[in-house]
Amino acid sequence: MSTKKYTIQKVAVLGSGTMGSQIAAHCVNAGLEVLLLDLKNEDGDPNKIAKESIKKLGEMNPAPLALPEYSKQIQPGNFEDDFDKLVDCDWICEAIVEKMDIKKKMMGRLDEVRSGSTIVSSNTSGLPISKISEGCSEEFQQHFLGTHFFNPPRYMKLLEIIPTETTSDAVLDFMSRFGEKTLGKGVVRCKDTPNFIANRIGIFSMASIMPWFFDGTFRAEEIDFLTGTITGYSKAATFRTADMSGLDIIHHVAENLYPAIPEDERREVFKLPESFQKMVEQGKHGNKAGKGFYKKVQTDSGKEYKVIDPETHEYESQIDPEFESTNKAKEKFKTSGERLKYLVNQDDKAGNFLWEIHCDLLLYAASRIPEITDSLEAIDNAMKWGFNWELGPFERWDAIGVAESVARMQEENRKVPVPVLRMLESGREQFYDKDEGTVYNLATGAIEPLSPPAEGALKVAHLKSENKEVLGNKSAGLYDMGDGVALFEFRTRRQTLGFELIETLAGSCEKVKQDFDALVISHDEDNFTYGANLMEAIQAWQQGDKERVRRAARNFQDVVVGLRYQPFPVVVAPFGRTLGGGVEFVLHADSVVAHHELYAGLVEVGVGLIPAGGGTKEMLRRAMQRVTEEDRSDPLPYIKEVFKTMGMAKVSSSAAKARDYGYLKESDGIVMNRDLLLTAAKEEAKTLADQGYRPPFRPKIKVQGREGLSGLKLMLYIMHESGWITDYDKVVAEKLAWVMSGGDLSEPQEVPESYILKLEREVFMELLEDERTHARIDHMLKKGKPLRN
C-alpha cells in the first residue's frame, strides 16, 4: 500500500477526559476538524459531558488551545447519538478509560462503523496494544496502532507510536510522518512492551531515586537540585516532575508494571516505598491536588513552596541545597555533560549519589535493548521529549565516559550488558560520534548514521558539521544552507542582540548580496532572542560613552529596518521567547515562518524604553493598513489597539496570538514541529527568490498629529487613574504616544517612514537619560522581571 492513500483532515477523539480533550485541542491547533465524543448524558443535554470538557479547556493553565476561541472548532457529541459520524473521519483516536474490556468493546463497535481507509489508534500509557484489537477484522487490524501522547499534549514533544504485528507498514509510516509534520511531535516508534519506552525508563529512574529520600539520606529539594539542570535532567528534576505527572498515576503505572515484567532483572525497583504509597492514600497526588512532594502555601511574605518530611508527612520550609562538589562543578564547567562527569567521580555525598543512580539508569537502559526497542536513540529521544531531560541515558554515559565508567562498574561487581562490552572490544568508546554523525547499534553491533529528529529536519548543527560556515565570530555566524540560501545565526548568551551581532548582520547582508539569493535568520537554541543586550548598552552609558550607545541605536534601526529593503528576500524563523528587538526582526522580514510555540512581545516599556528598532513605526503602519474604508474618518481605535499592545508589553501565548497582536501577518506561516522550522524557512526563502524578488518601496504612513495624541493621552489618564499603569508607565507610554502620533503635528497627514524612525531614536535617547529607566533596566537584569515604578 502507498502512503499517498492516506490523508487526515477530520479527526474523532473518543473520550473527553484530561488526555482526550487535550488531544482534541492540539488537533484543532494543527488546523484539523475535530469531533469529541463521550458518554451520553441521560439527564438534559445529551452532549453535556463532552461540552463541559471543552469548556474546561479554556480554563486550563498552561492553555491547551492556541487561542481560546478555538474551542468552538471542537464538535461535541456522544457515543450513542453520534457514533455514525465516525464514518467520515480519517483518524479515530480512542482515549477512553484504561480498562481492557471496555477498550476492546469499543474497537468492536468501531470495526463496524469506520470506513476502509480510516486509521484507528488507542491512546494508552501501558495496555498491550495487540490485545486491544483482538477479534477485529483483518482490515481493521491493518489500520490500527497505539499512540501515546504525553501530558500536556500541546507542550510535550513526545508521541510514542506502537504498531502491532498486523499494523500495515504504510499506516505506520504515514502516522509517523503525520505526527511529526502535522502535530509537531517528536515521534518514537516503540515495541508493544509494558509501558513502552519513556514511562518504562522514566518510572524506573524515579523509583530508583525514591529510597534516597524516604530513608532520610537526602531532602527532596536536594535531590531535585542534583537531578536538575546541573546534571542534564529537566528543570522540574525528579520530585517536581512527579508532582506534575501525578503521584497517583506514578503509583498506578508502577503497580501495573510489576506483574507485567516477570523477566525484568530490576523488577523489584518498581515496588515503591511504603511511605510513598501512604502519600497517595492521603490524597497527596501532586499539583492537581495542591500537594505532593511540594505544597504551595500563602505566607506573610507571599507564596512559598514547602517540602514534605518523609517521616511525618508534614510540610516544612525548603533549604538552599549546597554541596562543595556542585559549587566547584558550576565554577569549572559550562555544560551539563562536563559537570556530570566531574560529579560522578567525586568521593562525597553528592558524587556517590549521582554515581549510584546513574549506574542504575545506564545499566537498566542498556539492558532494555532489544526488549523495548532496537534503538538507543529512541530511548534517548523518549526521555528528552517525554521527560524534558537535556541528556538521554546514552548521552549521559558518553558524557561520563563509557570505557572508564564500565571499568569502575566491573570493579564494583556490577553486571554490564554484553553489547556494551562488545562495543568497547571493537575499539569504539562512545555510543555517539556526533562529529562523524554516527551512532552504535547495541542490538546489531553496527555503526549507523544518526537519525534526524524528524524527516527532512535541517539544523545549524548539521551545517557546522559539514563546514558550511561562511563567516562568524562569538556573537553570530553566517552559513550556506544550499540552493542559494544563507542562514544567519545568533550565538550570544540568551541570543541577545548586542553591538557585535548587529554589525555582523550588516556584514552578512553584504556577503549575501554577493554570493546568495536569499537569507534566513534563525538558529537551534531554545528561544529566538530575549531582545537587546541591555547590560552592554547600560555599561557603555554609565561609563560615559553615550555616543557609542547613540550610534548603536541608529545602527540597530538601520540594519533591522533595512532588512526589508535588501535586494534579496529575508525570511525570519522565530520560536519560543522572541522579545523586544526580536519582534522588530520579525516585523521587517519579507516573510516569517514561525513555530507554533511563539511567545513574542514588544516589551521595551517594561524597561522604561520604547521599541526603537522600527517596531513602533511598523506597528503603526500595520494598524493603519487595517483601517477599513468605513473607518478612515476615525482610525484611532486601530491605533489604540496596537498602542495598548506595546504599552502593556503584551507577549503572545502562541503564534496564532502573535497574529492577533499584529506581530505576524496573516500570510506568515506557522510550523508545528520546531525541528522542521529551518527546512520550511529555507523553502520559503528559495520560493521568494525564484519568483524574482524585488524589495518594496519605502512607504509613507498616516499619522494623526495632536488630535491622535490627545486621544491616546486620555486613554492613559483613565488607565492610570484606574490603577492599571504606574506613574512611570504613564510617562513612558506618553513618549510612545508622541511617536505614534507623529510628534507635534497640527493635523493628520502622511509622513515618510524615516520621519517616524527619527522620532523613535530621539525618544529612546531621552528615556535613557531618565534614572527611572536605569532603575528598571537594573531591576530586570538582576531580578529577571519588570520594576513597577
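This is a predicted model: local features need pLDDT of at least 70, side-chain atom pairs count only at pLDDT 80 or more; totals for chains, interfaces and linings use all residues.
Two residues are in contact when they have heavy atoms within 4.5 Å of each other.

**Nonpolar cores**
- In soluble globular proteins, nonpolar side chains tend to be buried together.
- The largest nonpolar core has 106 residues, and L519, I521 and F585 are those that touch the most other members.
- Setting aside residues up to four places away in sequence, I521 touches L487, F488, F490, L505, F528, L563, V570, V571, V572, A573 and F585.

**Serine 205**
- S205 is part of helix α7, which covers residues 198-214.
- Because buried means under 20% relative accessible area, S205 counts as buried at its 6% relative accessibility.
- Apart from neighbours within four places in sequence, S205 is in contact with L361 and W389.
- From C-alpha to C-alpha, S205 and G742 lie 61 Å apart in space, and they are 537 residues apart in sequence.

**Helices α28 and α29**
- Helix α28 spans residues 705-721 and helix α29 spans residues 727-740; their axes come within 10 Å and cross at roughly 165°.
- Angles over 145 degrees count as roughly antiparallel, and α28 and α29 are therefore roughly antiparallel to each other.
- Their crossing is right-handed.
- On the α28 side, the contact is made by L709, L712, K713, L716, Y717 and H720; α29 contributes D727, K730, A733, E734, A737 and W738.
- Sorted by class, this contact has seven nonpolar, four charged and one polar residue.

Notes. Residues are numbered from 1 along each chain as its sequence is written. Side-chain values use heavy atoms; hydrogens and water are left out. Axes are lines fitted to C-alpha atoms, for helices over the stretch in contact, and angles run from 0 to 180 degrees between N-to-C directions. Helices (H or I, at least four residues) and strands (E, at least two) are DSSP runs, numbered from the N terminus. Angles under 35 degrees count as roughly parallel, over 145 as roughly antiparallel, 65 to 115 as roughly perpendicular and the rest as oblique. A crossing is left-handed if the near helix is turned anticlockwise from the far one by less than a right angle, and right-handed if clockwise. Ala, Val, Leu, Ile, Met, Phe, Trp, Tyr, Cys and Pro count as nonpolar, Asp, Glu, Lys and Arg as charged, and the others, Gly among them, as polar. A nonpolar core is a set of buried Ala, Val, Leu, Ile, Met, Phe, Trp, Tyr and Cys residues joined through side-chain atoms within 4.5 Å. Buried means under 20% relative accessible area, exposed over 50%, partly exposed in between (1.4 Å probe, protein chains only).
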